[in-house]
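Colleague: I am new to this structure and would like to learn how to read its features one at a time. Could you take me through some of them slowly?

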Amino acid sequence: MQRVFSGIQPTGVPQLGNYLGAIRNWVTLQNDHDCVFCLVDMHALTVWQDPAALREQTLGQTACLLAAGIDPTRHILYNQSAVSAHARLGWLFNCVVRLGWLNRMTQFKDKAGKDRENHSAGLYVYPSLMAADIHAFHATRVPVGDDQRQHLELANDIGQKFNHDYGVDFFPVIEPLIPPGAARIMSLRDGTKKMSKSDPSAQSRIDMTDTPEEIALKIRRAKTDPEPLPSEEAGLAGRPEARNLVAIYAAMSDETSAQVLARFGGEGFGPFKKALAEVLVAKLGPVADETRRLLRDPGHLQAILRDGASRAEAICEPIVTEAERLVGFLR
């Protein structure tokens, strides 16, 4: 089986966009891949984090992943900072990557905006560490969305430049895994913006730990327009909020948007929102319940992360040690 590496920042509570865009796909990948799932707490520090909150959220994220179906006995689940190979290979890659390559990264430009001089250097070189995360395991596949595709291309460029610079064929080519029909979930308050756990408004998202009452209230308050739902997808043009709610329903019910509209087309948003809330509660309720149960035993969660870190280190330590030998480090 090919090795898959994927990471998620342990900041905030995972929300519906994380679940549909990544976590649900991770669960499926476990069936026919060798999976390494990483809570990338080092990446989280590109923006200041409250230390106590970061520790708490790392355990919370662990609980959510386990509740959603990640199996830490068959695969690996750990937090990035527990394995030193990430930082060591990240530095080697900082010395391989070219400034011109980093300057082309659109995500830094989007996040930093006009205030780029006041952002951390970590945010700027974060793609190098992401490349190290993957290459430290000689992973050949990475599930990515559109916003990370450019970083994955850079990871391949870095790996191939390392191979060229040192005359070796050491780091393999990484292939993107694009989930079929991956849903891009938008904010419940603005259908033109991606749903985000960092949004200051909790009303903009469905958190994985929301109660049924909270889910129903958020969907009821979700922004819509005065027109009824169309019967065909073409009728969603220029209606981002309607398109988003239909996409959420389709993703949660494993249907196409066309199938959803065939059933609800011509109706107002009231009945549709009620049906959408019921689908969300049915699918997310058990995950939220299991997350809360797991959080009552933080020692168990820490033991899972420690075991995962030990197994991760067993894989990547020989790889990174060899990379250090190749560049000339004296052991």
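Colleague: Let me begin with a pair of helices: is the crossing of H9 and H12 left-handed or right-handed?

Modeller: Please keep in mind throughout that this is a predicted model. The crossing of H9 and H12 is right-handed, and the contact is made on the H9 side by Pro 212, Ile 215, Ala 216, Ile 219, Arg 220 and Arg 221, which meet Lys 273, Leu 276, Ala 277, Leu 280, Val 281 and Leu 284 of H12. Sorted by kind, the residues of this contact are nine nonpolar, no polar and three charged. As for the geometry, helix H9 (residues 212-221) packs against helix H12 (residues 269-295) at an angle of about 150 degrees, and their axes are 9 Å apart.

Colleague: Why does Asp 225 count as buried, and which side chain does a polar contact of 2.8 Å join to that of Asp 225?

Modeller: The cut-off for buried is under 20% relative accessible area, and Asp 225 counts as buried because its relative accessibility is 19%. Asp 225 lies in the loop between H9 and helix H10 (240-253), where its side chain is joined to that of Arg 239 by the polar contact of 2.8 Å. Leaving aside residues up to four places away in sequence, Asp 225 touches Arg 239, Ala 242 and Phe 269.

Colleague: How should I read the length of helix H8, and which of its residues are buried?

Modeller: The expected span takes 1.5 Å times one less than the number of residues, so the 17 residues of helix H8 (residues 149-165) should span 24 Å, and this agrees with its end C-alpha atoms, which are 24 Å apart. The buried residues of H8 are His 151, Leu 152, Leu 154, Ala 155, Asn 156, Ile 158, Gly 159, Phe 162 and Asn 163. After H8 comes Gly 167, whose phi is positive, near 60 degrees.

How values were computed: Residues numbered from 1 in each chain as written. Predicted model: local features only at pLDDT ≥ 70, side-chain atom pairs only at ≥ 80, totals over all residues. Heavy atoms only, no water. Axes fitted to C-alpha atoms, helices over the stretch in contact; angles between N-to-C directions. Helix = DSSP H or I, 4+ residues; strand = E, 2+ residues; numbered from the N terminus. Left-handed = near helix turned anticlockwise from the far one by under 90°. Contact = heavy atoms within 4.5 Å. Nonpolar A, V, L, I, M, F, W, Y, C, P; charged D, E, K, R; others polar. Buried < 20%, exposed > 50% of the residue type's maximum accessible area, 1.4 Å probe, protein only. Polar contact = N/O pair within 3.5 Å; in protein donor to acceptor, adjacent residues only side chain to side chain.
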